[in-house]
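Good morning, and thank you for coming. I would like to take you through one structure, and I ask that you keep the sequence and the coordinates in view as I speak.

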Amino acid sequence: MIPLGAFVAVSAALFFIGVAGVLVRRNAIVILMCVELMLNATNLALVAFSRRGGIPDERGSVFVIFIFVIAAAEVAVGLAIILALYRNRPTVDVDEVHAMKG
Amino acid sequence: MSFGFIESAVFALLVIGMIGAGVGVVLLNRITGAALLMAFTFLCNAGMFVLLGAETIAAFQVLIYVGAITVLILYGVMFTPQRDRPYALFFQRQTPLAALAVVPIALFAIVAAVVSFSFRDNPDAPRGSDLVPLATSVFRDFAFPFEVASVLLLAAMVGAIVLVKREEDS
């Protein structure tokens with residue numbers, strides 16, 4: 001049986017891969033993908049704790065379902081913002097978008 | 001004949017696929033390839049859920065992430081033509097700061113996870129289906145948040161439509 005720590009370690013590694021992507025990449029769509037990777041890592045940690053940690057409890061899995069909902073909403077609104085931005089100025093690079101920069 | 005070896009082998013394959021594809025999403029310059037690798041990461045995560053005994057969550061993962069969200073992202077890629085540009089400026093200023101922020105915290109978190117949670121394992125976890133307890137929990141204990149989540153999805157849908165709607169009169 002695979003220990004709980006292994007699942008949590010994989011989850012942490014995937015989460016920080018997502019963090020690195022968000023910090024380094026410039027394409028807004030790739031940044032959105034990396035946010036999805038971070039949400040997925042969170043899901044894995046939640047399910048691992050829910051199934052293996054201490055008393056088995058399904059509430060962690062319920063939180064995962066809510067994260068599914070929030071991820072879907074986030075992708076829809078995020079892509080809409082990126083498309084609206086692209087219509088106003090033809091770029092999806094976040095460092096070229098500085099209209100609100102002080 | 002025990003299934004421990006097979007379980008470990010499957011876990012190792014899933015870890016390699018997941019971490020490799022995740023690194024590919026960050027490093028790959030071709031954005032379509034990055035999107036497909038992201039879908040592969042989601043698929044490996046579904047495999048992890050099956051290993052943990054959460055088959056229902058794995059099914060939702062395949063339906064929502066591998067199906068819906070990947071298609072949405074690919075549509076986003078399709079609507080925004082990509083120019084040939086380096087994925088990051090070679091000497092962009094935030095890269096060392098980002099490495100400084102990410103690498104130590106990541107190493108600390110991974111080591112802490114392995115060390116601290118190896119002792120709190122529960123080998124008597126239920127191995128059966130998780131559908132009935134999940135449904136009981138969602139529709140009894142979390143009925144109100146469930147309704148709020150559906151309102152959130154409706155609001156997000158309306159917001160997305162309003163954001164990308166063209167003004168006909170202008």
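At what angle do helix H2 of chain A and helix H3 of chain B pack? Before I answer, please note that this is a predicted model. The angle is about 175°, and the axes of the two helices are 11 Å apart. Because angles over 145 degrees count as roughly antiparallel, H2(A) is described as roughly antiparallel to H3(B).

Let us look at the residues that make this contact. From H2(A) come Ile29(A), Leu32(A), Met33(A), Glu36(A), Asn40(A) and Val47(A). From H3(B) come Ile57(B), Tyr65(B), Ile69(B), Ile73(B), Gly76(B) and Val77(B). By class, the contact of H2(A) with H3(B) holds 9 nonpolar residues, 2 polar and 1 charged.

I turn now to the two chains as a whole. In total, 62 residues of chain A are in contact with 71 residues of chain B. On the chain A side, the elements that give two or more residues are helix H1, at 4-24, H2, and helix H3, at 59-88. Of these, H3(A) supplies the largest share, with 21 residues. The side of chain A that touches chain B comprises 47 nonpolar, 8 polar and 7 charged residues.

Next, the nonpolar core. How many residues does the largest nonpolar core have? It has 71, and among those with the most contacts inside it are Phe7(A), Met33(A), Ala48(A) and Val25(B). The largest share, 16 residues, comes from H2(A).

One residue of chain B deserves a separate word. Ala149(B) is found in helix H6, which spans residues 143-164 of chain B. Is this residue buried, exposed or partly exposed? A residue is buried if 20 or more other C-beta atoms lie within 10 Å of its own; Ala149(B) has 19, and is therefore partly exposed. Leaving aside neighbours within four places in sequence, Ala149(B) is in contact with Phe66(A) and Val69(A).

Finally, the confidence of the prediction. The predictor gives the complex an ipTM of 0.90 and a pTM of 0.84. For chain B, the mean pLDDT is 83, and 82% of the residues reach 70 or more. Where pLDDT is low, the predicted coordinates should not be read in detail. Thank you for your attention.

Note on methods:
Residues numbered from 1 in each chain as written. Chains lettered and ligands numbered in written order. Predicted model: local features only at pLDDT ≥ 70, side-chain atom pairs only at ≥ 80, totals over all residues. Helix = DSSP H or I, 4+ residues; strand = E, 2+ residues; numbered from the N terminus. Buried ≥ 20, exposed ≤ 12 C-beta atoms within 10 Å, placed from the backbone. Contact = placed C-beta atoms within 7 Å. Axes fitted to C-alpha atoms, helices over the stretch in contact; angles between N-to-C directions. Parallel < 35°, antiparallel > 145°, perpendicular 65-115°, else oblique. Nonpolar A, V, L, I, M, F, W, Y, C, P; charged D, E, K, R; others polar. pLDDT = per-residue confidence, 0-100. Core = buried A, V, L, I, M, F, W, Y, C linked by C-beta atoms within 7 Å.
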